Amino acid sequence: MLSDEAKKEIETELRQYEQKQAGSVEALKIVQRRHGWVSDQHLRDVAEMLEMSLEELDGVATFYNLIFRRPVGRHAILLCDSVSCWIMGYDRLYQHLQNRLGIGLGETSKDNRFTLLPTCCLGDCNHAPVMMVDEDLHRDLDPEKVDEILGRYQ
Amino acid sequence: MTGKSMATPLTQNIIPDREPLDITQYQQAGGYQALRKAIKELTPEEIQQAVTDSKLRGRGGAGFPTGMKWSFIPMGDDAPHPKYLVANADEMEPGTFKDRLLMENDPHQLIEAMIVSSYATQADVAYIFLRDEYKLAAHCLKQAAQEAHGQGFLGKHILGSGFSLEFHIHTSAGRYICGEETALLTSLEGKRAIPRQKPPYPQASGLWGKPTVVNNVETLCNVPHIINYGAEWYHNLSHSEDGGTKLYGASGRVKQPGCWELPMGTTIREILEEYAGGMRAGYLFRGLLPGGASTDFLVEEHLDVPMDFDSIMEAGSRMGTGGMIILDDKTCPVGMVLNLERFFAQESCGWCTPCRDGLPWVAHILQAIEEGRGQMEDLEILEMHTQFLGPGKTFCMHAPGAMEPLQSALKYFREDFERHIREQHCPWRN
Ligand SMILES: Cc1cc2nc3c(=O)[nH]c(=O)nc-3n(C[C@H](O)[C@H](O)[C@H](O)COP(=O)(O)O)c2cc1C
Ligand code: SF4
Ligand code: FES
């Protein structure tokens, strides 16, 4: 079930939009912020609030890569795999993260601390290679720096 | 404005690592003068004319003349309402990081630009469509919008005039295709971001079927300066036929990767050598994508070409976003094209078959070649795809854009492709 706070927040947001459906992405993001991901039950609840069919809302939820339809770890690592980061050492970073966390792309570490996800260019190519952890951008990375950064997220 | 800031109007208020100007400081620096002038002294038509005269062309990639784009918006009493103005702040073209710079470091400039542009097109509602990863930009813009509301620059009866503007910041949730302007509008309506057929163009039938202008962030940021100092001044900032300055970027193995506002038409060589500092020690230049992932490679012989829309087109590429990605001699060109095509395959919206099925096939073949399993016939299959997925064959420009780096790589780096196939391994790997 959606928490009351999530419901209230969605209702407030929806007032901003000219049509309820226009708030679909925002509503899903609210659910995700509060519950970590969007479960089938959450999806049903939001569809009802938006007066959308479940299928249509799931179509939206699965289209956008930053909406998670499966559980994720406490922290999401978005590792940029686009061209400038690839030139500047993406492979080495990915290898390193794989070794450190014991997971590949799309997977969650056993201790549920991190989910590792690939992402398109983060618009910080002059500081390649880069990654985001949750809401924070980390730039000019090398394996040593990655270790130090991971330590900050428990 | 004086001296250097006259030459670089868009970045005049930007000092790296300093907080952006708040509304008081921004006004002390001359901000919101263009808004006052627009609303008090100019008609929407006069502003549209000034933008046309300035020869401003869109900075989102296609380079469409902005004044002409606006001229297709129905004006006058019979025009359908509400009308919309949308700032395209989806910036996801690999190698591009200019809109981020403008939004994080001078958010009021974009907001003022959007109010003036909305007035010029008589829009009732303005949206910023912002990619979700730009958290700092979202924060800066929200704060700036709140300040602008507080001063009566947004909302009802702006500066006591008859003009009102509702303003929203919409943060998205990923997917490159959202940057395509019709997919962006579909996404704003809360649906899967599938592009729409053109025509009708958004100016005639856009958001919820109403007249809509979609402009790139950098494009819009030029508008207040054109209003303040005039079309002729603006046009003269440029070294070329297109008006104004341009935010050029460089990434890859150059000494100082970065983003600089320079006269439109500055040569590639000058940007690479004087601003990016040349290649890093131990690396040689082999080629570059001049304006993001979806532009054709250029090579050594093109270094003296001016970076403006027509000159880069004549050289066989596109200026795109002006975000240059540099290929060095220690990076495998086949590997680079494989990275690009994987990106395009993954980011296809899946609506039309040639793109949905063709791009993964292209990526698959490139992977085989890169891993030393390729055949000479594969090069022909790749070349065929550059035709099958070219302009006019797919529903939107995503697939044709994807073919640009491929077709030019097959031309300029053919020997490297053939060597992978002959030697059955990547020469850049041990
Ligand atoms: C696949 C694709 C992605 C695009 N992404 C962006 C983008 O992220 N930002 C942008 O401003 N324009 C992008 N564009 C271009 C827009 O469709 C549109 O031309 C632009 O926003 C118009 O603004 P302008 O006239 O000010 O350049 C993209 C185009 C395509 C085909
Ligand atoms: S060309 Fe690709 S991205 Fe564009 S509509 Fe077709 S499938 Fe979608
Ligand atoms: S390619 Fe990684 S930030 Fe642009």
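Two strands are taken to pair if DSSP finds at least two bridges between them, and strands (E, at least two residues) and helices (H or I, at least four) are DSSP runs numbered from the N terminus. The views below show a predicted model, in which local features need pLDDT of at least 70 and side-chain atom pairs count only at pLDDT 80 or more, whereas totals for chains, interfaces and linings use all residues. Residues are numbered from 1 along each chain as its sequence is written, chains are lettered from A and ligands numbered from 1 in the order in which they are written, and side-chain values use heavy atoms, with hydrogens and water left out.

**View 1. The open parallel sheet of chain B.** Four strands of chain B form an open sheet with parallel pairing in the order β3-β2-β1-β4. Its edge strands are β3 (166-171) and β4, each of which pairs on one side only. Direction ignored, neighbouring strands are turned by 20° against each other on average, where the axes are lines fitted to C-alpha atoms and angles run from 0 to 180 degrees between N-to-C directions. Strand β2(B) (residues 125-130) is joined to β3(B) by 6 bridges, with Phe167(B) in β3(B) as the bridge partner of Ala126(B). The pairing of β1(B) with β2(B) also runs over 6 bridges, and here Val86(B) has Tyr127(B) as its bridge partner.

View 2. Strand β1(B) (residues 84-89) pairs with β4(B) in the parallel sense over 5 bridges, and Ala87(B) stands opposite Asn215(B). In β4(B) (residues 212-216), 5 of 5 residues are buried, a term that means under 20% relative accessible area, with exposed meaning over 50% and partly exposed in between (1.4 Å probe, protein chains only). In a regular strand the side chains alternate between the two faces of the sheet. In β4(B), Thr212(B), Val214(B) and Asn216(B) lie on one side and Val213(B) and Asn215(B) on the other, and both faces are covered.

View 3. Oxygen atoms of the ligand lie 2.9 Å from an N or O atom in the side chain of Asn88(B) and 2.8 Å from one in the side chain of Asn216(B), while a nitrogen atom of the ligand is 3.2 Å from a backbone N or O atom of Gly179(B). The protein covers 89% of the 620 Å² of accessible area that ligand 1 has on its own.

View 4. Most residues other than glycine have a negative phi, and most peptide bonds are trans. Cis peptide bonds join Lys198(B) to Pro199(B), with omega about -15°, and Pro199(B) to Pro200(B), with omega about 0°; Pro200(B) is placed in the loop between α9 and β4 of chain B. Phi is near 65° in Asp17(B), which is exposed at 84% relative accessibility, and near 65° in Tyr32(B), which is buried with a relative accessible area of 0%.

Notes. A polar contact is a pair of N or O atoms within 3.5 Å; within protein, one must be able to donate a hydrogen and the other to accept it, and residues adjacent in sequence count only if both atoms are side-chain atoms. Accessible areas come from the Shrake-Rupley method with a 1.4 Å probe; for residues, only the protein chains shown count as cover.
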